Amino acid sequence: MGGVSTVDRAERDRAERVPKQDRSRATRQRLLEAAVACLAEHGWAGSTVSVVAERAGVSRGAAQHHFPTREDLFTAAVEYVAEERSTALRALFPEGAAGDRHAVVAALVDLYTGPLFRAALHLWVAASNEDQLRPRVTELESRVGRETHRIAVDLLAADESVPGVRETVQGLLDMARGLGLANLLTDDAARRERVVEQWAGLLEQTLGCVRD
C-alpha cells in the first residue's frame, strides 16, 4: 500500500519545524538587541517589556512568550551584552597588535565608550537595586573583566612576571572604564585622545620593549 512512511513524516515534520525555530531565534535576537538599545538610551526605568517589544517590532505577547517577566528579559540581556563585549574584544586585533600600544589603548577606550558598555553600565545600576539581576550581573562582569584583562595583556605584550605590570594593565582598564562613565554625560573625543596619548606613553615607559 502507498502512503507516507514514518521516515517521510519525520522529515516533513522536521522541515516544518526548522523555519519556525529560525523565526523564534530571530525574534529572540531582536528582543535582546532591543533590550540592550533601550537600556543604553533610556536606562532601567524606561526599559519596560512593552517598550522593548515595540522597538523589536513584536507584540508584547510574543515578547512574554520568550521572556515571561521583565527580569527574565534583562537577565538574558545581561548574558547577551557580556557575550557581545567578549566577541568585540576578541575581534579587536585578529592578526595581533604588532607592538602598536597606542592603537591598543585607543581600541580599548573605544570599547568602553561605546553602546555595549553603556548598556552594561545601566545593567550595573539596575542590578544594584534588583536582587534577581545582581548575582547574574556580578558573575558575568567578573568573567568579562578577567577576559578583558587577559586580552589586554596579550595585545600590549605585557610581562606580568615583572612587578607592577599587572597593576599597570589594570589601571589602564580602570581608566578606560572611567572614560566610559564620563561619556554618559558628555562626548569629549578631543580630551579622550589626549588621555590615550598620555597612557600610551606611560605604557611604553612601564612595559618596556615588546617581547618576542
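1. The protein chain of this predicted model has nine helices and zero strands. Helices (H or I, at least four residues) and strands (E, at least two) are DSSP runs, numbered from the N terminus. From that terminus on, the order of elements is α-α-α-α-α-α-α-α-α.

2. Because this is a predicted model, local features need pLDDT of at least 70 and side-chain atom pairs count only at pLDDT 80 or more, while totals for chains, interfaces and linings use all residues. Residues are numbered from 1 along each chain as its sequence is written, and side-chain values use heavy atoms, with hydrogens and water left out.

3. The mean pLDDT (the predictor's confidence in each residue, from 0 to 100) of the protein chain is 83, and 89% of the residues score at least 70. Where pLDDT is low, the predicted coordinates should not be read in detail.

4. Of the 212 residues in the protein chain, 39% are buried. Buried means under 20% relative accessible area, exposed over 50%, and partly exposed in between (1.4 Å probe, protein chains only). Contact means heavy atoms within 4.5 Å; of the contacts between residues at least 6 apart in sequence, 69% join residues at least 24 apart.

5. The largest nonpolar core has 33 residues, of which Leu-31, Val-52, Leu-73, Phe-74 and Leu-133 touch the most other members. Two or more residues each come from helix 1 (6-42), helix 2 (49-56), helix 4 (70-90), helix 6 (115-129) and helix 7 (134-156). Such a core is a set of buried Ala, Val, Leu, Ile, Met, Phe, Trp, Tyr and Cys residues joined through side-chain atoms within 4.5 Å. Another core, of 26 residues, lies apart from it and includes Val-109, Ala-152, Ala-176 and Trp-199.

6. What does Val-52 touch, not counting residues up to four places away in sequence? The partners of Val-52 are Leu-31, Ala-34, Ala-35, Cys-38, Leu-73 and Phe-74.

7. The loop between helix 8 (165-182) and helix 9 (189-207) holds Leu-185, and Asn-183 lies in the loop between helix 8 and helix 9 too. Is each of them buried or exposed? Leu-185 is exposed, because its relative accessible area is 80%. Asn-183 is buried, because its relative accessible area is 12%. Leaving out residues up to four places away in sequence, Asn-183 touches Thr-113, Arg-118, Asp-188 and Arg-192.
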